[in-house]
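Please read the points alongside the sequence.

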Amino acid sequence: MNSSLKNTARMLGAGLRALLVLTLVCGVVYPLAVTGVAQTLFRDQANGSEITSEGRVVGSSLIGQRYDLPVTTGTGEAAAPDLRWFQPRPSNGLGANGVNTRYALILSGATNRAGDNAELVRWVKDAKEAVSRDNSTPGHPVAPSDVPADAVTSSGSGLDPHISPAYARLQVNRVAERNGLDAGRVAELVESHTSDRVLGFIGEPRVNVLQLNLALRASAS
Amino acid sequence: MSPALSGVLQLLALAAALGLVYRPLGDHMARTYSCDRHLRVERWIYKAIGADPTGEMSWPAYLRGVLAFSAVGVLFLYLLQRVQGVLPGSLGFSSIDPDQAFNTAASFVSNTNWQSYYGEQAMGHVVQTGGLAVQNFVSAAVGMAVAVALVRGFARAHTGELGNFWSDLVRGTVRVLLPVSVIGAIVLVACGVIQNFAGIHGVGQFPGGTQQWNGGAVASQEAVKHLGTNGGGYFNANSAHPFENPTPLSNLFEVFLILLIPFALTRTFGRMVGSLRQGYAILAAMATIWVVFTLLMMWTELAHRGTAFEIAGGAMEGKETRFGISGSALFSVATTLTSTGAVNSFHSSNTGLGGGINLLGMQLGETAPGGVGSGLYGMLVMAVVAVFIAGLMVGRTPEYLGRKIGTRQITFAACYLLVTPALVLGFTAAAMALDTPGHSMTNSGAHGFSEILYAYTSGANNNGSAFAGLDADTQWFNTTIGIAMLLGRFLPMVFVLALAGSLAEQTPVPETAGTLRTHKPLFTGLLIGTILIITGLTYFPALALGPLAEGLAS
């Protein structure tokens with residue numbers, strides 16, 4: 001009994017020492033070395049691929065933003081989309097931090113609703129209606145059946161920086177009208193901001209909303 | 001190009017890339033675990049541990065090493081979270097509550113990486129990088145060590161010795177996981193994954209004003225998260241978060257990292273038992289299941305059955321535009337057929353059948369190709385059972401790789417197979433019978449049941465993915481899933497090592513005309529059949545209540 005106890009203690013001691021040494025190697029040296037290389041070779045990417053416009057940082061090319069009208073504080077109303085700008089996908093799964101509340105963090109996330117979930121069915125229906133209403137302009141009505149899936153569903157992260165080319169094209173007439181621009185000019189902007197699949201087959205074609213809106217702002221002014 | 005064609009081409013590209021590195025990596029791992037020389041850094045580590053790396057261990061001694069190292073790991077990680085509030089370099093985040101700290105410690109040490117916390121608001125630099133990421137390495141190295149010990153059981157004769165645990169642990173970390181992780185992390189940074197220690201800082205926005213981001217050592221953690229089939233995300237959205245998985249290319253690369261070691265270990269196995277073709281037969285079984293599951297998943301997600309998806313015109317809920325349906329299907333099958341559990345799309349919003357494929361993938365015991373190490377030893381236990389069934393059919397003493405599969409061996413294999421289903425079904429039944437656990441469901445009906453079945457399947461199989469509609473941060477779920485993860489990891493290891501010990505003692509029997517040829521396609525087919533039948537018999541009633549009911553209703 002005594003010797004097996006001693007044996008166990010010896011094993012635990014070895015385990016602790018192994019853990020501490022491997023923590024030094026994998027938890028200190030490795031991340032610092034990778035950080036060193038990353039900050040030397042890929043400084044821009046390692047720090048969040050930030051985009052600067054007119055001398056100030058306006059976000060990251062990788063992180064989606066909302067383009068909403070300012071909310072009057074205290075009314076408790078949901079923010080309405082600012083229809084001058086191209087709109088991103090819904091983000092019903094995003095949250096705000098519930099702990100460490102001296103920070104105002106965005107919690108990435110999805111809605112986790114199943115296909116037969118009543119709430120999700122309602123969100124999709126409402127979004128479909130809103131998208132077709134908001135994007136219908138005189139002479140260019142948008143039918144609910146024209147609205148692509150990504151326009152009415154929330155992404156996995158809630159921070160999807162892209163929309164499908166179909167959803168971008170659907171917004172062209174509205175955006176042109178609101179900014180007093182020629183629709184052909186706006187359609188050209190969408191075209192030039194559409195990325196194809198990588199190497200022709202990896203991923204999906206997509207439009208980066210922030211970059212498109214920056215180009216739009218430059219054209220409008 | 002249609003999304004379906006793009007998905008098939010991505011699958012082919014992935015298979016080609018895996019095929020390219022299969023031989024060099026498999027052979028490198030065989031050398032790693034067989035050679036007599038020690039690197040200088042390894043000698044330095046052995047000295048610090050105070051262990052003799054050449055001392056051979058019997059199976060109980062090897063097991064004691066595994067358990068002691070892992071027990072210390074749980075305790076250390078638990079304490080690190082409990083004192084986070086006073087640790088420097090923790091962004092001023094408060095300490096983690098006891099039940100969640102236990103759950104998280106059990107989760108990362110058992111290679112599960114189930115997360116009941118939100119990474120970006122709860123864990124500071126020290127816990128993420130110095131605690132969680134470290135277990136991403138060493139829990140994977142422990143899995144590989146146990147697999148190698150079982151392979152030695154097949155390769156050795158007249159000895160009860162299975163190698164040295166400390167040496168296997170250190171070599172797996174230093175010679176396999178670290179170098180590949182360094183390369184992987186740098187590739188990911190080049191794609192746009194962040195790697196800094198900026199902490200929480202404001203970043204300007206398009207409409208004006210700023211928003212707060214949490215900057216940390218993400219790329220270094222992301223690389224080993226996939227390579228070690230761990231799966232715990234830096235951020236809550238895991239690999240759907242653009243800072244963890246920014247481009248279609250990084251997405252394919254992450255799936256590659258997930259599958260890299262589990263597939264290549266079959267080559268290591270073949271090398272070490274002296275017959276590469278034995279390794280190929282195992283590989284063929286793994287690859288067949290993987291390809292079939294991936295194609296099925298792409299089909300059901302592209303067909304988008306389900307009320308909300310039909311109205312929307314596509315199953316894009318919980319999926320990112322840049323990956324699309326195919327890139328999400330590819331990832332979600334790879335993550336549930338291995339023990340990874342990282343997600344780039346949210347499985348709860350898959351179609352009913354898609355969610356069922358995720359569940360079934362885990363319930364196969366994660367053997368196609370499975371977690372690093374655990375996939376290989378799980379598959380070898382299944383091979384033992386397959387050989388046994390074949391032996392019963394022809395009335396002959398079964399043999400595998402020249403080792404007799406007798407009462408002892410089959411007892412250990414049977415115990416191994418019983419552990420996980422007992423945990424999954426037992427805990428699911430308890431949670432459904434009790435009053436409060438059900439309050440955590442987001443969805444009701446069949447999908448709500450699936451949420452709970454998924455949680456325990458994921459925990460006991462050490463996967464870590466979730467039907468995340470379930471609010472799992474309750475005392476009940478933190479505690480019971482924590483227990484399921486620990487028992488689901490370490491009890492099977494006990495039986496694997498006992499099996500290895502009993503095999504290594506034997507005198508090999510010579511191959512005769514009546515020996516089952518275990519390197520032929522016939523055996524691969526038998527192996528796949530055994531896995532499907534055992535899993536089907538075990539889980540069919542539970543699956544019928546959840547995803548099947550939901551899939552048939554839509």
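1. Chain A is divided by the domain assignment into domain 1 (1-47) and domain 2 (51-220). In this predicted model, the centres of domain 1 of chain A and domain 2 of chain A, taken over C-alpha atoms, are separated by 43 Å.

2. The contact between the two chains draws on 84 residues from chain A and 103 residues from chain B. On the side of chain B that touches chain A, helix 7 (residues 165-191) of chain B supplies the largest share, 9 residues. By class, that side of chain B comprises 53 nonpolar, 43 polar and 7 charged residues.

3. For chain B, an unreviewed UniProt entry places the feature "transmembrane region" at several spans, among them residues 176-198, 280-299 and 522-544. Residues 280-299 of chain B are 100% helix and 0% strand in the model, with end C-alpha atoms 28 Å apart. Residues 522-544 of chain B are likewise 100% helix and 0% strand, and here the end C-alpha atoms lie 31 Å apart.

4. B:Gly445 belongs to helix 16 (residues 445-460) of chain B.

5. B:Gly445 and B:Gln10 are 435 residues apart along the chain. The C-alpha atoms of B:Gly445 and B:Gln10 are separated by 36 Å.

Notes. Residues numbered from 1 in each chain as written. Chains lettered and ligands numbered in written order. Predicted model: local features only at pLDDT ≥ 70, side-chain atom pairs only at ≥ 80, totals over all residues. Contact = placed C-beta atoms within 7 Å. Helix = DSSP H or I, 4+ residues; strand = E, 2+ residues; numbered from the N terminus. Nonpolar A, V, L, I, M, F, W, Y, C, P; charged D, E, K, R; others polar. UniProt positions renumbered as here; feature names shortened; annotations may be inferred. Domains from an automatic or database assignment.
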